[in-house]
Amino acid sequence: MLTTSKLVRSFLVNDNQIAIRNLLGLAMKAGKLVLGTGPTLDAIRQQKVQVVFFPNDGGKSQAKKFQDKTQFYHIQLVQDFDRDTLSQAIGANRSVFGVSDQGFSKKIKQLLIEKERN
């Protein structure tokens, strides 16, 4: 698959990142996101989410907590986006959330793998 890159806000963004943000917006509209720190941690413990997003500019202690929980429960943690990008993607002022739908999670994981290859 050929991917292209675009210059957005003076840094390079590839099409996979744009596709992930678009999927997050769709998942939000479909009600398939668990929003906020507490509810997301509860969903991780109950294994109701398959992918968790945490901002790369978030607090270190919170980042460590989410890394430990997601690793223990074998849930993928994504820290590729900053707080503003995540909030804009879902259209809400939240930067910590989990994806509870298997279809959205599967596609997001595929896009993340493709992004790592490129």
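How many salt bridges does the count come to? In this predicted model, the count comes to 3.

Two of the pairs lie within helices. In helix H2 (residues 37-45), arginine 45 and aspartate 42 are 3 residues apart, about one helical turn, and their side chains meet in a salt bridge with an N to O distance of 2.9 Å. Arginine 45 is partly exposed, at a relative accessible area of 39%, and aspartate 42 is likewise partly exposed, at 40%. Helix H3 (residues 60-72) holds both aspartate 68 and lysine 64, which are 4 residues apart, about one turn of the helix. The closest N and O atoms of this salt bridge are 2.9 Å apart. Aspartate 68 counts as partly exposed at 37% relative accessibility, as does lysine 64 at 45%.

A further salt bridge joins the side chains of aspartate 80 and lysine 115 (2.7 Å, N to O). Because aspartate 80 lies in the loop between strand S5 (76-78) and H4, and lysine 115 in helix H5, the pair ties together parts 35 residues apart in sequence. Aspartate 80 is partly exposed, with a relative accessible area of 32%, whereas lysine 115 is buried, at 15%.

The largest nonpolar core comprises 18 residues, of which Ile20, Leu24, Phe53, Phe97, Val99 and Ile108 touch the most other members. Two or more residues each come from helix H1 (15-29), strand S4 (51-53), helix H4 (83-90), strand S6 (97-99) and helix H5 (102-117). Residues up to four places away in sequence aside, leucine 24 touches Leu33, Phe53, Leu86, Ala89, Ile90, Phe97, Val99 and Ile108. Another core, of 11 residues, lies apart from the largest one and includes Phe54, Ala63, Phe66 and Val96.

Notes
Residues are numbered from 1 along each chain as its sequence is written. This is a predicted model: local features need pLDDT of at least 70, side-chain atom pairs count only at pLDDT 80 or more; totals for chains, interfaces and linings use all residues. Side-chain values use heavy atoms; hydrogens and water are left out. A nonpolar core is a set of buried Ala, Val, Leu, Ile, Met, Phe, Trp, Tyr and Cys residues joined through side-chain atoms within 4.5 Å. Buried means under 20% relative accessible area, exposed over 50%, partly exposed in between (1.4 Å probe, protein chains only). Contact means heavy atoms within 4.5 Å. A salt bridge is a side-chain nitrogen of Lys or Arg within 4 Å of a carboxyl oxygen of Asp or Glu.
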